[in-house]
Amino acid sequence: MTFPAMVGVIAHPTRGHFLFDTGYDPFFVEATETFPERFYRWTTPAQIGAGDEWREWLAANDIAEDSLAGLLVSHFHGDHVAGASRMAHLPMYCARAGLDTLRSGGRFARVRKGLLPGLVPEAMDDKALFFEDMPERPLPAEFAPFTSGRDILGDGSLLAVELPGHCKGHWGLAFVTEEGQAVLLAGDAVYSGRAIDENRPPPRFVTNLLGDTPTYHATLARLREADGKGADLAILPAHCPVRAARFRGEDAD
């Protein structure tokens with residue numbers, strides 16, 4: 001099946017552009033040339049077109065490279081941070097638990113968990129800003145049953161929300177657009193809108209391999225409750241082109 005790895009682009013009114021994850025990048029191919037990393041490429045073969053090259057992608061999305069202000073990381077699986085080195089000079093906002101997991105264990109164990117530490121230069125660790133250390137703030141009522149998040153920029157505009165279960169250190173991003181639309185970028189807390197609608201978690205083998213199954217199911221249940229609010233909240237999984245198109249006002253088919 002086609003399984004796009006999408007990127008959240010947030011245009012902050014004063015700070016510039018932030019990316020929520022990076023999706024794939026040609027660096028993924030380089031990072032999976034050797035064994036055991038090549039097993040990752042075999043398991044989830046990636047197709048990276050010419051238009052996905054960094055500067056072409058920025059231009060296609062009307063993003064000036066010097067307007068980039070930081071990288072927000074939902075989690076450190078390869079399909080979410082393959083382009084991290086493109087932003088190595090900028091702050092990286094992430095979970096300490098996620099970065100610690102990326103840097104620990106043997107190569108085979110990390111590949112089994114979907115982690116390719118070579119994609120994230122170790123120099124970024126020194127500038128990392130951790131969600132766990134940020135001040136807690138209440139979320140607007142539209143996000144219930146999620147009630148609080150961590151204030152990333154100190155102005156209440158971007159709130160990191162812990163969405164556990166998929167893997168260690170997995171977080172989403174909550175914000176309200178200038179038009180008043182509440183948005184939750186859900187990362188891999190759920191793979192598609194259909195999975196929310198039909199209460200379909202991934203197979204237990206997958207959730208046990210990458211994270212914790214009971215916790216994943218509990219997070220999915222909370223997402224389903226939040227999604228029941230309808231148009232008041234847009235929940236956008238990282239791999240769901242249907243919901244992404246609907247959010248952009250495009251044909252969801």
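Modeller: Charge is counted by residue type, with Lys and Arg as positive and Asp and Glu as negative, while His and the chain ends are not counted, and each charge is placed at NZ of Lys, CZ of Arg, CG of Asp or CD of Glu. Here the protein has 24 positive and 35 negative side chains, and the centres of the two sets lie 7 Å apart. This is a predicted model, in which local features need pLDDT of at least 70 and side-chain atom pairs pLDDT 80 or more, whereas totals for chains, interfaces and linings use all residues. Residues are numbered from 1 along each chain as its sequence is written, and side-chain values use heavy atoms, leaving out hydrogens and water.

Biologist: What share of the 253 residues counts as buried?

Modeller: Buried means under 20% relative accessible area, exposed over 50%, and partly exposed in between, with a 1.4 Å probe and protein chains only; by that rule, 47% of the 253 residues are buried.

Biologist: Which strand is joined to S1, and how do the two run?

Modeller: Strands are DSSP runs (E, at least two residues), numbered from the N terminus, and two of them pair if DSSP finds at least two bridges between them. S1 (residues 8-12) is joined by five bridges to S2 (residues 16-20), and the two run antiparallel. They form a hairpin with three residues between them, and isoleucine 10 has phenylalanine 18 in S2 as its bridge partner.

Biologist: Which residues of S1 make up its covered face?

Modeller: Gly8, Ile10 and His12 form the covered face of S1, whereas Val9 and Ala11 form the uncovered one.

Notes:
Helices (H or I, at least four residues) and strands (E, at least two) are DSSP runs, numbered from the N terminus.
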